[in-house]
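Visitor: I'm new here, and I'd like to know what backs up each label you use. Could you show me around?

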Amino acid sequence: MSVALSRCIGRVLSRQVASSSFVAGEQHHAVQSCWFVPVMTLKTTAALRAVPQKKKKKADPRIEALVRDRLKKKLRKLEKIPPEFIPIEDFITPSKCLDETRQRSTSRLSVEESERRALLLKEWCLYKQKQHMAEVESVELALKAQKEALKELKLESEELYQAALKPDPLLFPFAHEGPTFTPPKENYEAPDGKYVDITKVYTQ
Amino acid sequence: MPTHGIGRWGHLVTREPPKKKKDRHQMKPILPATDTAYGTLNVIVSGYDLVIVEHYSQYIHNLCNRLGIKVSESYALPTKSTEVMLMQEQGTKMYVEALLKTHQRVVQLSSLDASLCPLFMDVMLKCQPEGVQLAVKVHTEADYHARFKARPEMEGLMTKLRH
């Protein structure tokens, strides 16, 4: 009973509010509805200095295409010429050595000297041959031992055998400096200076 | 006649097709690494002394032939000239002390068996002479193109055409 009464009072009050607002003026009504655009709010933009744009010449794409064709033709002509290797200075004998005016006469050797030299040469050949044979033998022994080891590994486990045959990806790139005659000096102060690369750059 | 055709040897020699002089130098195919072998490798020998570098590269070539490793190419890279400039004792000027030339030789292996690799490397390192630097790298196309002369005009045209 009290609930129904309160609802009736609420409805009456809302009707009164609505009627009063309608009577008051357009403003409230305008803000609430969406059909009216407020004229009061002005919008301003920054100054735009525009110049009327020039008409694009229709020949532009044609000129571009012509230029492109010319470049393509030039490129095709250059591509026809095969690339040249950079000449290696080591294989070109310097002009000083080709000079025929400088010549050295061969000295005359005595019989004993020439015989001594021939015998020395023979001894050297024998020594070198023994060295080479020893090297070849050691290489063959190492290969044989490796083959046997791999055979045994295969009998042991197939997986390890396959893994042993795989190449090592971390090995390359590999670099190693040759041995030196003497070890590096301790507390050595190198003189001040710099290296300048003056290799000749060739262009085709 | 029993002696008919005696002394004939032309049929035993394989005749190569006549080589055109204007043939372009084709790049040999770069083989990738497989399950049991490495791909195309470059063994680069470099040093200041030409004779030692040349002899060492020839030794490596012979070693490959002996071990059965296929050598696809054996060439030389252009020599690099380096000027050593030192500071003067009195004053701040630099004066030219010496001219050093670094020579490089490359032995290109088409493929290297993974089982032969450790033995091959061991022998090479044991015989390395002093003053010679040994480097083993994987061969790339960039390495191949570095042997040719630079063509700035062609490259300029190509960049222009791309844009």
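Predicted model: local features only at pLDDT ≥ 70, side-chain atom pairs only at ≥ 80, totals over all residues.

Visitor: What makes strand β1 of chain B and strand β4 of chain B a pair?

Guide: The cut-off is at least two bridges. Strand β1 (residues 37-38) and strand β4 (residues 94-113) of chain B share two bridges, in the antiparallel sense. The count meets the cut-off, so they pair. As for a bridge you can look up, B:Tyr38 has B:Leu112 in β4(B) as its partner.

Visitor: How do you know that strand β2 of chain B and β4(B) pair?

Guide: By the bridge count again: strand β2 (residues 41-47) of chain B and β4(B) are joined antiparallel by seven bridges. Look for B:Val45, which stands opposite B:Arg105 of β4(B). On strand β3 (residues 70-87) of chain B, which pairs antiparallel with β4(B) over 15 bridges, B:Ala76 also stands opposite B:Arg105.

Visitor: What lies between β3(B) and β4(B) in the hairpin?

Guide: Six residues separate the two strands of that hairpin. In the turn, B:Gly91 has a positive phi of about 110°.

Visitor: How many residues of chain A are in contact with chain B?

Guide: For chain A the number is 53, and they touch 65 residues of chain B. The two chains bury about 5,300 Å² between them, with 64% of that on carbon and sulfur atoms.

Visitor: Why is the meeting of B:Arg66 and A:Glu135 called a salt bridge?

Guide: The rule asks for a side-chain nitrogen of Lys or Arg within 4 Å of a carboxyl oxygen of Asp or Glu. Here an Arg meets a Glu, N to O, at 3.5 Å, so the pair qualifies. Chain A and chain B have three salt bridges between them. The rule for polar contacts finds 23 residue pairs across this interface.

Visitor: Which parts of chain A supply the side that touches chain B?

Guide: At least two residues each come from α3 (60-80), α4 (111-156), β1 (174-177) and β2 (193-197) of chain A. The most come from α3(A), with eight residues. By kind, that side of chain A has 29 nonpolar, nine polar and 15 charged residues.

Visitor: What makes A:Glu84 and B:Lys149 a salt bridge?

Guide: Their closest N and O atoms are 2.9 Å apart, and the limit is 4 Å. The Lys and Glu therefore pass the rule. A:Glu84 is in the loop between α3 and α4 of chain A, while B:Lys149 is in the loop between α3 (141-145) and α4 (152-162) of chain B, so the pair joins two chains. Over all chains, the search finds eight salt bridges.

Visitor: Which residues of chain A does the UniProt annotation "coiled-coil region" cover?

Guide: The unreviewed UniProt entry puts it on residues 136-163 of chain A. In the model that span is 96% helix and 0% strand, and its end C-alpha atoms lie 28 Å apart. For residues 42-137 of chain B, the UniProt annotation, also from an unreviewed entry, reads "domain: Small ribosomal subunit protein uS10". That span is 29% helix and 52% strand, with its end C-alpha atoms 5 Å apart.

Definitions and conventions: Residues numbered from 1 in each chain as written. Chains lettered and ligands numbered in written order. Heavy atoms only, no water. Contact = heavy atoms within 4.5 Å. Buried area = accessible area lost by both parts, 1.4 Å probe. Polar contact = N/O pair within 3.5 Å; in protein donor to acceptor, adjacent residues only side chain to side chain. Helix = DSSP H or I, 4+ residues; strand = E, 2+ residues; numbered from the N terminus. Nonpolar A, V, L, I, M, F, W, Y, C, P; charged D, E, K, R; others polar. UniProt positions renumbered as here; feature names shortened; annotations may be inferred.
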